[in-house]
Amino acid sequence: MTNAQGGAPAEVGGEPDDSDERWALALSAIEVLAAAGSSIGGALVRARPGPVRDAWTDALAMIAPLRRLPSNTDADALDGGLDLTATLAQGRAVIREGILAAARGSILVVPMAERLAPALAARLAAAIDEGAPPIILFDESDAADEDRDRVSASLADRLAIHLDLGPVRLGMAALLAGEPPPPMALMAQPGAPVRDCETALAVGAAQLGIASIRAPILAARVARANAAADGRDVLREADMAVAGALVLGPRATRMPPPPEEDEQQPPPEEPPPEEPPANDPPPDEPPGEDESDEPPSIDPTDLVLDAAQTALPPDLLRALANGAVMRSGKSQGSSGAKQKSLTSGRPAGVRPGMPGRGARLALIETIKTAAPWQKIRPTRDDGRLSIRSDDLRIRRFSARTETTTVFAVDASGSAAFARLAEAKGAVELLLAEAYVKRAEVAMVAFRGQDAVLALPPTRSLARAKRELGALAGGGGTPMAAGIDMARGVAEAERRRGRTPMVVILTDGRANVGGGVGQNPQEAAMVAARALGATGIASVFIDCSARPRPEGGKLAEAMNARLVALPRVDAKAVVAAVKAAGKAAGNSGT
Amino acid sequence: MGTPFPFTAIVGQHEMKQALLMAAVEPRLGGVMVFGDRGTGKSTAVRALAGLLPPMKVVPGCRYGCAPADTSPCIEGCRERAGKAVIEAPVPFVDLPLGATEDRVVGSLDLERALATGEKRFEPGLLAKANRGFLYIDEINLLEDHLVDLLLDVAVSGQNVVEREGLSIRHPARFILIGSGNPEEGELRPQLLDRFGLSVDVRTPSDLGERIEIVKRCDRFDRDPVGFAADFAASEKETLDSIAKARVRLPKVHVGDDMLVLGARLCSAVGADGLRGELTLLRAARAQAALSGKKEVKAHHVAEVATMALRHRLRRNVLDDTGSAGRITRAVSELLAA
């Protein structure tokens, strides 16, 4: 796990070593933050804990005091409120200052930002709009992991600077001495003055495939801040380079089209049709300016693009290497509000406990508890009720747990097409009703040698249609692989606080899978028992014309409800799933 | 909080701006739902509109923002206490945070008072704060279900009824609900969707010239907000005037029988469920006519607002991918040609 941080200098697109450049960039980010303050939101820094991050944080601490904000902070704590313990002790209202107000003039640092609760991320995003202190998010997730938690996209969008400290290597001598290496300017000279920086940044952002209009706006602020940090009023080339590398490059979703003159290799991919050609003069630039231009000054757009390319996101490089187009701005489905029984949902009674961290005081119950003791407790001078912390009662809430239905569909053999089509139909039917229950659906398809996650858990019908559109069928039946992957998805869902249910749709016996000396059916039985051991509710839909005992045995091993549906159709599948869900719900909770 | 970004300085996004103006002219339209990507200026536009509207007259010291001319009694008897005094206050703009607790939204027992003086007093929540203004909910599809239910109930009844913690209180909460969301991140329940009067889709501007202009304007605004706002003062005033005039004109705008027939036929042609759609369509057409200074609703007014008023009410067909907007446009052109 720590390997990604520890030793993979060549990870980023096979580039030899851009450590020095990255570090210089990271240090210039600090200068920009110092000059711009809260107007640029802050920075999203991809960095695991380690010496490089520590060195960077130390440098950051020189411009303003840092305040750590753990990612599991209570959203209420941001805004402050009544300090109950102090209020009871002193007999007068004691207001506790919120973190946002208390951190004025300092910098908020959030480690493990990818684990930030959605509510907290939303509050921070709103706070940035209102002019909060600069926020530094440390994204510690593993970039190579497709299923990783991701930093809230709306929050990341508002933070101007995106940095990757992963490739940075610092000299051991400097680290031992405890001081960061001396800063190195990105461009030794600030370069020629730049005219019309906004156009260059907007064009650059469009060429890098950045949809959000916030990016070029923030880039312009970063450029100005960099100039201000240098004590200049006029924007120069170095400022554009810094804006390109800090703001635009990391947000790129595609490579910019190469300039027309020195075209040596074909473009990595076709730009979309709405894209103007690279050297198209922007519409509102005064005409005739370009010809009379003095030769030394470079086109600011090229400057921005060149700088941006030193800081492309690792995802993009990997996607390009695989020949795939990166989807832009897609957020992962995990942004749904999590249900916590102490903080949200419908009221469901009270219990003793300390308020705070989201738990709310049940005042009436607290006073009722305290009332009988008033005679034997020492009377207070002010004649008020004497309440001790044991008297405190907090409210409980019951939250409806949200379900995720994981379909594992056997896409093998001749009947695959019909079965797949009905399974897709069932997914869409469930999703079409899902908004009532906030249910999510996922789909695993197994055929040939392996199982694939055809549809990650989602609530979006639009997304399900798009991703299930091109699912193929035919081949052998790797039952064990299918069951294992379905279990993996279901367990991940359970960790997210949801209630998973697995639905297996197959017509036959396993004929692929299993190790040496183990036949596929035995392997499938092992997988089925593993699923059964998790206690996750499951349904086994046997859709063969004549049900065979193997199906029954598998269903028994995974503790599943067995449903025989010789002629599968989407509605019958949905009915079976609902019946099973109801039964599980009644017995489970 | 400084100078707000001028409403008329927002580049493009005509449909959204038009929908917001209509909601400001005709509060009974019932709010606007904005679907779209991040960074498309949704919240900027809503904030800007709230900043644009003229200050409203308020009874001084009223925690619910009661209007002096309102005859319904305030629960705290603010008018009796304040006498004839009237102050002006900006139109409230309340941003409902995603993680807001129910207490914060509806209001709750004032803990401070209860603990310190034993007094049972209601501490108004965000709904009270939004009374007579705008309630903006970003990413409404991520809001917890029970809060959504509650908001809908209040938005429709115009009244917040609190029955909790030994309190029994009702107070006015009339606000224009503005929601925004990204359909990729989850569907919205149709019951909720239907309560919104208008629905608009915003896209990130793809026109390069527009994008450049946006960056330029934001940069100028950053450096000199006051000067920038001054540049747009004239157009802001013009918009303000047209809202004010349209509000006066609105009750007098006549809706002919032929327009009622057109509305009914349009709704049945696209399969929009319920009377609410039809009513909203006609109210929107009326607001549109009022905004463009007309005294009579014409067929083109209905056509202009049909997509906004109906696109979120069409019965969903799981197997049909044709966009709602496309279906409505087709029906409109067929009906108008006939």
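**Figure 1. Contacts in chain A of a predicted model.** Among contacts between residues at least 6 apart in sequence, 78% join residues at least 24 apart. A contact means C-beta atoms, placed from the backbone, within 7 Å. Chain A holds 21 helices and 15 strands, taken as DSSP runs (helices H or I, at least four residues; strands E, at least two) numbered from the N terminus. The model is predicted: local features need pLDDT of at least 70, side-chain atom pairs pLDDT 80 or more, while totals for chains, interfaces and linings use all residues. Residues are numbered from 1 along each chain as its sequence is written, with chains lettered from A and ligands numbered from 1 in the order written.

**Figure 2. Helices H10(A) and H13(A).** The axes of H10 (residues 197-207) and H13 (residues 300-308) of chain A come within 8 Å and cross at roughly 50°. Axes are lines fitted to C-alpha atoms, for helices over the stretch in contact; angles run from 0 to 180 degrees between N-to-C directions. The crossing of H10(A) and H13(A) is right-handed. A:Leu201 and A:Val203 are among the H10(A) residues that meet H13(A), whose contact residues include A:Val304 and A:Leu305.

**Figure 3. The open six-stranded sheet.** Strand order is S12-S11-S10-S13-S14-S15 in chain A, with mixed pairing. Pairing requires at least two DSSP bridges. S12 (450-458) and S15 (561-564) stand at the edges with a single partner strand each, so one side of each lacks a neighbour in the sheet.

**Figure 4. Strands S10(A) and S13(A).** S10 (residues 403-410) and S13 (residues 499-506) of chain A pair in the parallel sense over seven bridges. A:Thr404 stands opposite A:Pro500 in S13(A).

Key: Two residues are in contact if their C-beta atoms, placed from the backbone, lie within 7 Å. A crossing is left-handed if the near helix is turned anticlockwise from the far one by less than a right angle, and right-handed if clockwise.
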